[in-house]
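Visitor: I'd like a hand reading this model, one feature at a time. Could we go through it together?

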Amino acid sequence: MSEHGKISMTKVDYNKDRKKAKNPLKIMDLSLRDGHQSLFATRGRTEDMIPVAEMMDEVGFWATETWGGATFDTMHRFLNEDPWERIRTLKRYFKKTPFSMLLRGQNLVGYRNYADDVARAFVERACENGMDIFRTFDALNDFRNFDTVVPVIKEFGKHFQGCICYSMTEPRLGGDVYNLDYYVNKAKDLEKMGADSICIKDMAGLLAPYDAYEVIKAIKEAVSPPIHLHSHFTSGLAPMTHLKAAEAGVDIIDTCMAPYAYRTSHPAVEPLVMTLLGTNRDTGFDVNHLVKIDEKLEKEVMPKYRHFLAENKMAITDINVLLHQTPGGMLSNLINQLKEMDALDRIDEVYAELPRVRKELGQVPLVTPTSQIVGIQTVNNVLFDEGDERYKMITAQVKDLCYGLYGKTTIPVDPDIQKKVLKGYDRGEEPITCRPAEILEPELEQAKADVKDLAVDIDDEIIYALYPVTGKKFLKWKYGKEEPPPEVRARTLEEALKEQELVAKAKSGQLVEKAQKDVPQKGESLREFNVFVDNEYFDVGVEEIGGSPVISYVQPSMAPPAAMPVAPAAVPHAAPVAVPAPPPAPEPSKPAEPAAPAAGGDVKGTALTAPMPGMIVNYEKKVGDTVEEGETVVILEAMKMENALPAPASGTVKAINFSSGDSVAKNDVLCVIG
Ligand code: CO
């Protein structure tokens with residue numbers, strides 16, 4: 001019988017006649033850290049990494065990134081997971097592929113410079129728990145902030161990867177700050193420090209393909225360690241940038257498995273493998289094996305995280321990052337912060353103020369934590385400045401930056417701004433020029449003493465040393481001293497699928513009328529998610545009653561849809577007030593001290609209200625203390641920045657309505673002065 005006309009169902013064999021490449025491009029997978037950090041607000045759980053871990057170990061990745069960055073914070077704060085345990089658990093499944101972590105230099109996995117003793121202990125424990133490669137960066141590219149951690153990495157025989165944060169002030173590489181010389185000189189500095197490899201860390205996806213070619217060629221000629229490129233997809237440039245980087249001779253590139261790729265994450269590995277197939281940079285990876293991993297992820301893992309993706313947007317690229325040079329995470333933080341303050345209409349003012357604030361604060365690269373520092377200060381300037389007076393509400397972190405506590409800024413801080421910011425600063429009004437940690441007193445022994453009744457080992461103590469408020473809370477959950485709240489519990493696949501079904505029903509309008517008939521009281525285990533239909537937005541609450549979830553309310557809302565916050569530290573998910581009246585909107589948090597009556601009660605005086613939603617770090621005053629107008633009363637953490645809130649009037653503190661660790665909504669009365 002003739003074969004003519006018969007459709008062949010045979011798969012193309014991509015491995016047929018495939019020769020080993022002369023200079024194979026090495027790949028590091030980021031799915032298990034930056035991938036879910038970028039797409040799912042770092043909410044990936046260890047249990048969702050295990051199903052693919054052994055398969056991923058077979059791919060042949062140069063390394064897999066599993067830890068660091070925001071994982072440490074998010075795990076203990078939002079997931080009720082011990083961050084250290086993740087390394088040990090995943091190590092049992094990854095037997096060959098080295099682990100890489102993102103280390104924020106002296107900031108470790110936090111948002112400030114820690115003392116040397118904490119930095120040393122942290123890196124030691126990361127080594128001992130199984131970390132192999134330390135991708136180390138400093139937000140200011142001030143490599144003095146590597147001085148403490150690098151000798152520990154070396155002492156344990158681990159891999160020190162030094163990063164150069166990629167930044168620009170012009171539309172393309174060049175100008176008088178971030179030009180080719182800048183990057184080549186930074187690479188030489190890292191080689192001198194003993195870097196085992198050098199990473200160009202393009203956290204915002206700003207690196208254009210031809211600039212990448214130029215930078216990588218120049219750096220490869222100037223230094224001998226392997227060159228690694230880390231870029232984000234955000235603007236859409238990264239896949240092209242990867243290709244030009246490969247042509248320029250880059251040694252290692254970062255990608256994600258397809259379900260974790262694109263948007264603010266990274267290019268996917270699969271198209272790159274196919275692109276390089278048969279060339280002298282062929283990765284040698286088996287695409288069929290990669291597809292099997294993707295299928296497993298799609299089926300068993302992704303349904304639990306789908307709700308993090310903004311469904312109201314078709315485009316997966318965001319060219320704003322090139323126009324405003326703001327990293328994706330920072331952009332969504334800014335939008336979220338403005339939204340929380342009912343000021344989303346002022347986003348254009350924020351965009352205009354941002355380059356000005358950045359320049360005044362030393363033209364720093366925008367990466368955690370400088371992206372937050374510059375971003376939040378910009379929003380504060382737009383919202384709180386009056387008349388000609390700028391920098392009216394200055395965050396503690398901006399004061400630290402101007403003092404030199406983060407290191408040396410790329411260009412000097414504007415002297416007038418610096419003077420204003422440092423007026424009355426508790427460390428002194430004269431900025432420092434030494435390595436920042438030199439002026440920090442040891443912190444570890446005090447931390448150990450503080451949690452001696454709670455911490456069982458050094459790993460617990462470090463959790464507390466890095467995150468005193470949320471770390472302590474986590475240790476209480478860990479050792480059964482406090483019941484973890486329902487929102488930190490894991491979603492099951494069944495729950496996720498049921499929710500998806502309900503969302504589909506809500507979208508088709510089937511649930512709206514029913515919900516308006518009878519609205520039950522919202523309970524503690526209420527789970528909320530956003531549904532967008534055309535231009536309409538629904539806030540849907542799902543709660544499990546007697547085993548099966550029901551829609552407790554569905555309401556149209558006027559609020560414009562906003563991007564998912566990257567890590568809205570302690571910002572309560574404040575529900576818009578329910579339309580079908582009966583149940584009162586829940587308070588985002590309860591006053592913890594019943595001793596002091598809530599404001600609006602019988603306490604007379606001037607109320608200090610929260611100017612923004614956030615978490616109480618601590619009160620500097622107690623009931624009965626006298627305060628002067630303008631004196632700091634309470635420290636409020638919002639979007640990871642600490643804001644010192646001044647007394648609105650002189651008098652005596654009459655009531656304090658919250659305590660350390662409480663979440664507060666905008667306009668909550670924090671204390672009353674009378
Ligand atoms: Co990244």
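Visitor: Let's start with Phe40: buried or exposed?

Guide: This is a predicted model, so everything here is read from predicted coordinates. The cut-off for buried is under 20% relative accessible area. Phe40 has a relative accessible area of 2%, so Phe40 is buried. Phe308 comes out at 12%, so Phe308 is buried too.

Visitor: How many aromatic pairs does the structure hold, and how are the rings of Phe40 and Phe308 placed?

Guide: The structure holds 20 aromatic pairs. For Phe40 and Phe308, the ring centres are 6.2 Å apart and the planes meet at 40°, so this pair is tilted. Phe40 sits in the loop between H1 and helix H2 (50-57), while Phe308 sits in the loop between helix H11 (287-301) and helix H12 (320-324), so the pair ties together parts that are 268 residues apart in sequence.

Visitor: What about the rings of Phe72 and Phe122?

Guide: Look at the angle between the planes: over 60 degrees counts as edge-to-face. The planes of Phe72 and Phe122 are at 70°, with ring centres 6.0 Å apart, so the pair is edge-to-face. Phe72 belongs to helix H3 and Phe122 to helix H5 (residues 116-129), 50 residues apart, and the pair links these distant parts of the chain. Both Phe72 and Phe122 are buried.

Visitor: Which residues does Phe72 touch, leaving out those up to four places away in sequence?

Guide: Phe72 touches Trp67, Pro83, Trp84, Val109, Phe122, Ile463, Leu466 and Tyr467. The relative accessible area of Phe72 is 0%. Ring pairs also link Trp67, Phe72, Trp84, Tyr111, Phe122 and Tyr467 into a cluster.

Visitor: How many residues of H3 are buried?

Guide: Eight of the nine residues of H3 are buried, so to read it plainly, the helix is mostly covered. The buried ones are Thr71, Phe72, Asp73, Thr74, Met75, His76, Arg77 and Leu79. After H3 comes Asn80, with a positive phi near 50°.

Visitor: Where do charges sit over rings?

Guide: Here you check the charged end of a side chain against the ring face. Arg43 lies over the face of Phe78, 4.0 Å from the ring centre. The charged end of Lys201 sits over the ring of Phe137, at 4.6 Å from its centre.

Visitor: How many disulfides does a search of the whole structure find?

Guide: A disulfide is a covalent bond between the sulfur atoms of two cysteines. The search of the whole structure finds zero disulfides. As for individual cysteines, Cys402 is buried at 2% relative accessible area, and Cys671 is buried at 0%.

Visitor: Let's turn to strands. How many residues of S5 are buried?

Guide: Seven of the seven residues of strand S5 (residues 159-165) are buried, so S5 is largely enclosed by the rest of the structure. Check each face in turn: one side has His159, Gln161, Cys163 and Cys165, the other has Phe160, Gly162 and Ile164, and all are buried. S5 pairs with strand S4 (residues 133-136) in the parallel sense over four bridges. Ile133 stands opposite His159 in S5.

Visitor: In what order do the four strands of the open sheet run?

Guide: The order is S12-S19-S17-S14, with antiparallel pairing. Strand S12 (606-609) and strand S14 (626-627) are the edge strands, each pairing on one side only. Strand S17 (residues 651-656) and strand S19 (residues 669-673) pair in the antiparallel sense over three bridges, and Val653 stands opposite Ile673 in S19.

Methods:
Residues numbered from 1 in each chain as written. Predicted model: local features only at pLDDT ≥ 70, side-chain atom pairs only at ≥ 80, totals over all residues. Heavy atoms only, no water. Buried < 20%, exposed > 50% of the residue type's maximum accessible area, 1.4 Å probe, protein only. Contact = heavy atoms within 4.5 Å. Phe/Tyr/Trp six-rings, centres within 6.5 Å; stacked < 30°, edge-to-face > 60°. Helix = DSSP H or I, 4+ residues; strand = E, 2+ residues; numbered from the N terminus. Lys NZ or Arg CZ within 6 Å of the ring centre and 35° of its normal. Disulfide = S-S within 2.5 Å. Pairing = 2+ DSSP bridges.
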